[in-house]
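Please examine the sequence and the model shown below before reading the dialogue.

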Amino acid sequence: MIKRCSWSDSTEMMQQYHDHEWGKPLYDDYRLFELMCMEMYQAGLSWRTVLNKRAAFNEDFYNYDLHKVADMSEADWQPLMQDARIIRNRAKLAATVNNAKAFLKVQADYGSFAEYWWGFVNNQPIINDVPNDAAVPAKTGLSEMIAKDLKKRGFKFMGPVAVYAFMQASGLVDDHLNQCAFKTAVN
């Protein structure tokens, strides 16, 4: 039996996400944007809820094509408030469009969002000692610093807790439990 982080054992979907995505270093800007949006949607909800709605969000937001999302007007995204397949939070839907615009500005300034994002850790994932679930913080000094920088750049719904979750999910931070089979080996 494969040892996994305890949060991932509830469903096959959660196991697949844990085993193939969570904590894996991610450098593709479109996937980073999707993941950022998913972390933003999660605020106040369970990760399972967000994963269950992932396909519908991808459909409604053009597979997170940054230019198409950034070009959406309120008249374009307002009908999504009627789509029961997604999380129908007006502020989060508006933030998706807003954040696409901010994301594009970061790409223009840095060449890619990944370049900007990974610069916070000098392109080296932080591998934390995680003996148990209680050892995983909700936020850190680094996530607070990044959240401030994102806010300054115009991003919405990316506070220190959402940023830390995004850091974990995109591989900037490896918070797999020490006994998890997917923990990065420390040299």
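This is a predicted model: local features need pLDDT of at least 70, side-chain atom pairs count only at pLDDT 80 or more; totals for chains, interfaces and linings use all residues.

Q: How many helices and strands does the protein have, and in which order do the elements run?

A: Helices (H or I, at least four residues) and strands (E, at least two) are DSSP runs, numbered from the N terminus. The protein has nine helices and two strands, and from the N terminus on the order is α-α-α-α-α-α-α-β-α-α-β. The radius of gyration, taken over C-alpha atoms, is 16 Å, close to the 16 Å that the globule rule gives for 187 residues, so the protein is as compact as a globular protein of that length. The globule rule is 2.2 Å times the number of residues to the power 0.38. Along the principal axes, the C-alpha atoms fill a box of roughly 50 × 35 × 25 Å.

Q: What share of the residues of the protein counts as buried?

A: Buried means under 20% relative accessible area, exposed over 50%, and partly exposed in between (1.4 Å probe, protein chains only). Of the 187 residues, 47% count as buried. In helix α1 (residues 12–20), the buried residues are Met14, Gln15, Tyr17, His18 and Asp19. Their cover includes α2 (29–42), α3 (47–60) and α9 (160–169).

Q: How is the packing of α2 and α6 to be read?

A: Two packed helices are described by the angle between their axes and the distance between the axes. Axes are lines fitted to C-alpha atoms, for helices over the stretch in contact, and angles run from 0 to 180 degrees between N-to-C directions. Helix α6 (residues 90–110) and α2 pack at an angle of about 145°, with axes 11 Å apart. Contact means heavy atoms within 4.5 Å; among the residues that make it are Leu32, Phe33 and Met36 of α2 and Ala95, Asn99 and Phe103 of α6. The residues of this contact divide into nine nonpolar, four polar and two charged. Here Ala, Val, Leu, Ile, Met, Phe, Trp, Tyr, Cys and Pro count as nonpolar, Asp, Glu, Lys and Arg as charged, and the others, Gly among them, as polar.

Q: Is Glu34 buried or exposed, and which residues does Glu34 touch?

A: Glu34 lies in helix α2 and counts as buried, at 9% relative accessibility. Not counting residues up to four places away in sequence, Glu34 touches Arg54, Asn58 and Tyr64.

Q: How are the rings of Phe61 and Tyr64 arranged?

A: A pair of aromatic rings is described by the distance of the centres and the angle of the planes. Rings of Phe, Tyr and Trp (its six-membered ring) pair if their centres lie within 6.5 Å; planes under 30 degrees apart count as stacked, over 60 as edge-to-face and the rest as tilted. The structure holds 16 aromatic pairs. The rings of Phe61 and Tyr64 have centres 6.1 Å apart and planes at 25°, so this pair is stacked. Phe61 is buried at a relative accessible area of 0%, and Tyr64 is buried at 0%.

Q: What is the phi of Tyr64, and what is the phi of Asn122?

A: Most residues other than glycine have a negative phi. Tyr64, in the loop between α3 and α4 (66–70), has a positive phi near 60°. Asn122 has a positive phi near 50° and is found in the loop between α7 (113–119) and β1 (126–127). At 62% relative accessibility, Asn122 counts as exposed.

Note on methods:
Residues are numbered from 1 along each chain as its sequence is written. Side-chain values use heavy atoms; hydrogens and water are left out.
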